[in-house]
Amino acid sequence: METTRIQTVPATAAETVQRSRSVDRVVRGIATSDGAGVKLTRVLTQNLQRRLDPFLMLDAFGTDNKDDYIGGFPDHPHRGFETITYMLAGRMRHRDSAGHEGLLENGGAQWMVAGAGVVHSELPEQEDGRMEGFQLWLNLPAADKMTAPWYRDMPAAAIPTVALPSGGTVRVLAGASHGVAGAMTRPVTEPLYLDVQLPSGQTFAQALPAGHNAFIYVYRGAVTVGNAGDGAVVEAQRMGVLDNAGQADGVVIRADEDASFLLIAGQPLNEPIAQYGPFVMNTQDQIYQTLADYRDGRFASIPASQAV
Ligand code: MN
């Protein structure tokens, strides 16, 4: 059996949080399917896009049944935002019209900036076994929506995994935690993307900039969010939207049982959002232009170096 060896690094700084944010809403995702019949749970849905600006969508998928994933996501377009796919288990092949190709597998991630437009496919390279992971959509600022598309593979070994002093680990996909810089840094939206494994009874703290929108998604176990004694419980398969209380300087999360969760935060853009399926722009006119560009085949022919 193939295993992915994750090397941990020590924390180089403490995260000090004087006052924790709390949960102002617990959200249960919506079961749906996308691509060629892939079953998934849409955790962050369109009605939360303003509340969780700059994040547009979060899908969670996890199944041992190949019929739930085998169709994959054949050729489809995107424009105007970034997609971050994080694979806990399974293998998916990515190909896109900008000429990129990569294999996404156990513990690895893929960061794609669709920018001015890509057509890509995401297809499973397994015919049985478990497929589990997440896809997050991160908005681009208006000024960058028509940037040249690009793509980066982040294999498991490229994602720092920090051993927490009190037990547990945090994988730093983007941003920084406990003094360790993540695999990706992005300007403007400054996303933080952490995957935290916390043994029962242990506490995790993370400083967060006051203006950033933030949420957790618990995928194993259960946690309590907030300073001791006044927290809200978030159970598995639930998203906890963190409040934006002015005095809070971060979040404190305690594992009520062995728990795994994502902590995601970012600087809101506060710009108009116009979405039509896989296209996210600022105005309806830009959506009409996007549909015309796609219809006329201008996506697939955009060379990454010439898109503006
Ligand atoms: Mn896609």
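In what follows, Ala, Val, Leu, Ile, Met, Phe, Trp, Tyr, Cys and Pro count as nonpolar, Asp, Glu, Lys and Arg as charged, and the others, Gly among them, as polar. With that division, the lining of the second largest cavity in this predicted model separates into two nonpolar, three polar and two charged residues. The residues concerned are Thr-85, Met-92, Arg-93, His-94, Leu-104, Gln-110 and Glu-122, and strand 8 (residues 91-96) supplies the largest share of them, three residues. The volume of this second largest cavity is about 40 Å³.

The metal site can be followed next. The manganese ion is coordinated through the NE2 atoms of His-76, His-78 and His-120, at 2.1 to 2.2 Å, and along the chain these donors follow the spacing H-x1-H-x41-H. Because His-76 lies in strand 6 (residues 73-78) whereas His-120 belongs to strand 11 (residues 118-124), the pair ties together parts of the chain that are 44 residues apart in sequence. Both His-76 and His-120 are buried.

Turning to the charged side chains, the structure holds 20 salt bridges, and Arg-42 takes part in more than one of them, as its pairings with Asp-34 and Asp-59 show. In the bridge between Arg-42 and Asp-34 the closest N and O atoms are 3.0 Å apart, and Asp-34 is partly exposed, with a relative accessible area of 35%. The side chains of Arg-42 and Asp-59 meet at 2.7 Å, N to O, and this pair links distant parts of the chain, with Arg-42 in strand 4 (residues 38-44) and Asp-59 in strand 5 (residues 55-63), 17 residues apart. Arg-42 and Asp-59 are both buried.

A further salt bridge joins Asp-53 to Arg-50, where the closest N and O atoms are 3.8 Å apart. Here Asp-53 is buried, with a relative accessible area of 3%, whereas Arg-50 counts as partly exposed at 45% relative accessibility.

Definitions and conventions
Residues numbered from 1 in each chain as written. Predicted model: local features only at pLDDT ≥ 70, side-chain atom pairs only at ≥ 80, totals over all residues. Heavy atoms only, no water. Donors = N, O, S within 2.8 Å, 3.2 Å for Na, K, Ca; no water. Helix = DSSP H or I, 4+ residues; strand = E, 2+ residues; numbered from the N terminus. Buried < 20%, exposed > 50% of the residue type's maximum accessible area, 1.4 Å probe, protein only. 1 Å grid on protein atoms, 1.4 Å probe; cavity = no way out; pocket = protein on both sides within 12 Å on 5 of 7 lines; lining within 4 Å. Points joined across faces, edges and corners; volume = space filled by probe spheres on them. Salt bridge = Lys/Arg side-chain N within 4 Å of Asp/Glu carboxyl O.
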